Amino acid sequence: MKLAHLPLRVSIGAYVLNSGLGKRNLEGAAAEGMHGMAVAAMPQLGQFEPARFAKLLSYSEIALGAALLAPFVPAPLVGLGLTAFGAGLVQLYLKTPGMREPGSVRPTQQGTGLAKDIWLVGAGLTLVLEGLSHGRRWHR
């Protein structure tokens, strides 16, 4: 892991890992609510029962958080995972009714929590692009 990646990977990795750990035991109404919101944005997730979906999401977040924290996982690889995860959250924001101002991408008060996840996409793409351009100089 490059020293310059350390703040980005540790801060996001710890946040995502904690989020995943917090979802490990979701059941009942909490799992149903999370599942319902996800299915509204991505209907294909309806094939999972709510408790199973919550477990899979939890395990995915734990794995991504741990990968971000692990110094031996290459930046482009962990960046791809972070970009995909962030893109899923942005899709949830864009497709969930009430998250955006009418006819706009600007978030409502309710949508601000999801809209801010665009930073995950930016951070993931930064890791991918920096890793792919390693050793190359950009010229104008």
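Colleague: What share of the contacts in the protein chain with a separation of 6 or more comes from residues 24 or more positions apart?

Modeller: A contact means heavy atoms within 4.5 Å. Here, residues 24 or more positions apart make up 64% of the contacts with a separation of 6 or more. This is a predicted model: local features need pLDDT of at least 70, side-chain atom pairs count only at pLDDT 80 or more, and totals for chains, interfaces and linings use all residues. Residues are numbered from 1 along each chain as its sequence is written, and side-chain values use heavy atoms, with hydrogens and water left out.

Colleague: How many helices and strands are in the protein chain?

Modeller: Helices (H or I, at least four residues) and strands (E, at least two) are DSSP runs, numbered from the N terminus. The chain has six helices and zero strands. Its C-alpha trace spans about 50 × 35 × 25 Å along the principal axes.

Colleague: How far apart are the end C-alpha atoms of α6?

Modeller: The expected span is 1.5 Å times one less than the number of residues. For the 15 residues of α6 (residues 118-132) that gives 21 Å, and the end C-alpha atoms are 21 Å apart, which agrees.

Colleague: Which residues of α6 are buried?

Modeller: Buried means under 20% relative accessible area, with a 1.4 Å probe and protein chains only. An α-helix has 3.6 residues a turn, so residues three or four places apart point the same way. In α6 the buried ones are L120, V121, A123, G124, L127 and V128. Their cover includes α1 (6-22), α3 (50-69) and α4 (75-95).

Colleague: Which residues touch the most other members of the largest nonpolar core?

Modeller: In soluble globular proteins, nonpolar side chains tend to be buried together. A nonpolar core is a set of buried Ala, Val, Leu, Ile, Met, Phe, Trp, Tyr and Cys residues joined through side-chain atoms within 4.5 Å. The largest one has 25 residues, and I12, L64, L68, L82, F85 and L120 touch the most other members. α4 gives the most to this core, with seven residues. Beyond four places in sequence, I12 touches L68, L82, W119, L120 and A123.

Colleague: Is E61 buried or exposed?

Modeller: E61 lies in α3. It counts as buried, because its relative accessibility is 5%. Leaving aside neighbours within four places in sequence, its contacts are V16, L17, S19, G20, K23 and F85.

Key
Buried < 20%, exposed > 50% of the residue type's maximum accessible area, 1.4 Å probe, protein only.
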